[in-house]
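This briefing concerns the pockets of one protein model and the residues that line them. Please keep the sequence and the structure in view while reading.

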Amino acid sequence: MESRCENCIVRQFNSLRAMSKEELKRVSDSKTTRTIKKGEALFKEGEKLDGVFCVRDGVSKLSKLSENGKDQIVKLASKGEVIGQRSVVAEENVNLSAIAVSDMEVCFIPKEGIVSSLHTNPNFTLEVLRHMAHDLKEADDVIVNMSQKSVKQRMAEAFLYLKNNFGEDEEGYLRLVLSREDISNVVGTAIESCIRIISEFKKKGYLKTSGKRIGITDEKALKNLVEGF
């Protein structure tokens, strides 16, 4: 049974919560649910989007290709987030790519439903603005982090972020498994540095690894490192 937007729990986490029952019903009638396999793209940088994606399950990396051909991951979007809002509102091509880092279930909402609500429902418009402002703030934080924190501090922060936002499995490993390349692209460093720092953190007893999986074994030490102690 495909979930209706009116009854969907994830909309509580995004701007759709400000829609009226009638608007939600219209959106629900027009949306399509898609399964995106790990590694597949929801969209690529430069594409024109004719709607937005609401994440029902799974995680997507939003990244930008730099001039040297390296991906910089600017955000990990998970359950409840709406992807592509800015592009649809501004009527611009998307400036990021969205690739699934785990299997995903998303709802694609054609832009007509979003745009008509922007014109007629001030509460919805305000919610969309709030979410876009929040994304801007996060982007500002990323820029400041890049310039003011060392690679080791950013690595430590990334592992703490993954634990706090996505949790751990029963064995104490981070639930969201990212490749070493993805971790280096989140942090903004070379993959070689990423691998070297992970093994250094292991030696110091901050982390444990098993294949691709990484677990935090000394959270306090990582926090101290981030704070510069």
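By class, how many nonpolar, polar and charged residues does the lining of the second largest pocket have? In this predicted model, that lining has 12 nonpolar, 2 polar and 5 charged residues, and the points below set out this pocket and the largest one in turn.

**Second largest pocket**

- The second largest pocket has a volume of about 510 Å³, and among its 19 lining residues those nearest its centre are Val74, Val142, Asn145, Tyr161 and Val186.
- Two or more lining residues of the second largest pocket come from each of E5, H4, H5 and helix H6 (180-187).
- Domain 1 (5-141) and domain 2 (149-227) each contribute at least three residues to the lining of the second largest pocket.

**Largest pocket**

- The volume of the largest pocket is about 940 Å³, and of the 34 residues lining it, Leu62, Lys75, His131, Asp135 and Glu138 are the closest to its centre.
- At least two lining residues of the largest pocket are supplied by each of strand E4 (60-65), strand E5 (71-77), strand E6 (82-83), helix H2 (85-90), helix H4 (122-148) and helix H5 (151-166), with the largest share, 9 residues, coming from H4.
- Sorted by class, the lining of the largest pocket comprises 17 nonpolar, 10 polar and 7 charged residues.

**Position relative to the domains**

- Because domain 1 (5-141) and domain 2 (149-227) both give residues to its lining, the largest pocket lies between them.

Note on methods: Residues are numbered from 1 along each chain as its sequence is written. This is a predicted model: local features need pLDDT of at least 70, side-chain atom pairs count only at pLDDT 80 or more; totals for chains, interfaces and linings use all residues. Side-chain values use heavy atoms; hydrogens and water are left out. On a 1 Å grid over the protein atoms alone, a cavity is a set of points where a 1.4 Å probe fits but cannot get out, and a pocket is an open set with protein on both sides within 12 Å along at least five of seven lines; lining residues have an atom within 4 Å of a point. Grid points are joined across faces, edges and corners, and a volume is the space filled by probe spheres set on the points. Helices (H or I, at least four residues) and strands (E, at least two) are DSSP runs, numbered from the N terminus. Ala, Val, Leu, Ile, Met, Phe, Trp, Tyr, Cys and Pro count as nonpolar, Asp, Glu, Lys and Arg as charged, and the others, Gly among them, as polar. Domain bounds come from an automatic or database domain assignment.
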